[in-house]
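Work through the exercises below with the sequence and the model at hand. Each task is followed by a worked solution.

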Amino acid sequence: MQQVTVRCTIDNCYYWRDGNVCDAKEILVTSDMVGQRYPGQVDVQQLSTVLREVGETPAKTCQETCCKTFRA
Ligand code: SF4
């Protein structure tokens, strides 16, 4: 599988590291709608639940997406 370096400016996130690098093993990027429907309890481990209950979540703009792995 291709490795991806995630660069991020959310410097108060638990996974954020110097140089604006995300140190999480994997992250869940999803739509704002999913973020609002599952505010705290859903991350990568619950992706199958999201897909079963909501399905795929296409977005028209980057403003409609969020990192669901964020942890303060
Ligand atoms: S988990 Fe998300 S918000 Fe946190 S550092 Fe990684 S990309 Fe940024």
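This is a predicted model: local features need pLDDT of at least 70, side-chain atom pairs count only at pLDDT 80 or more; totals for chains, interfaces and linings use all residues.

**Exercise 1.** State how many helices and strands the protein has, and give their order along the sequence.

Solution. Start with the count: there are 2 helices and 4 strands. Then read along the sequence, where the elements come in the pattern β-β-β-α-α-β.

**Exercise 2.** Describe the extent of the protein, its buried share and its contacts.

Solution. The C-alpha trace spans about 35 × 25 × 25 Å along its principal axes. Of the 72 residues in the protein, 10% are buried. Next, take the contacts with a separation of 6 or more: 55% of these join residues 24 or more positions apart.

**Exercise 3.** Locate Asn20, describe its phi, and decide whether Asn20 is buried or exposed.

Solution. Asn20 sits in the loop that links strand 1 (16-17) to strand 2 (21-22). Its phi is positive, about 60°, although Asn20 is not a glycine. Most residues other than glycine have a negative phi. For exposure, count the C-beta neighbours inside 10 Å: Asn20 has 12. The cut-off for an exposed residue is 12 or fewer, so Asn20 counts as exposed.

**Exercise 4.** List the residues around the ligand and sort the shell by nonpolar, polar and charged.

Solution. The shell around the ligand consists of Val6, Cys8, Ile10, Cys13, Tyr15, Trp16, Cys22, Ala24, Ile27, Cys67, Thr69 and Phe70. Sorting these residues gives 11 nonpolar, 1 polar and no charged.

Key:
Residues are numbered from 1 along each chain as its sequence is written. A residue is near a molecule or strand if its C-beta atom, placed from the backbone, lies within 6 Å of it. Ala, Val, Leu, Ile, Met, Phe, Trp, Tyr, Cys and Pro count as nonpolar, Asp, Glu, Lys and Arg as charged, and the others, Gly among them, as polar. A residue is buried if 20 or more other C-beta atoms lie within 10 Å of its own, exposed if 12 or fewer, and partly exposed in between; C-beta atoms are placed from the backbone. Two residues are in contact if their C-beta atoms, placed from the backbone, lie within 7 Å.
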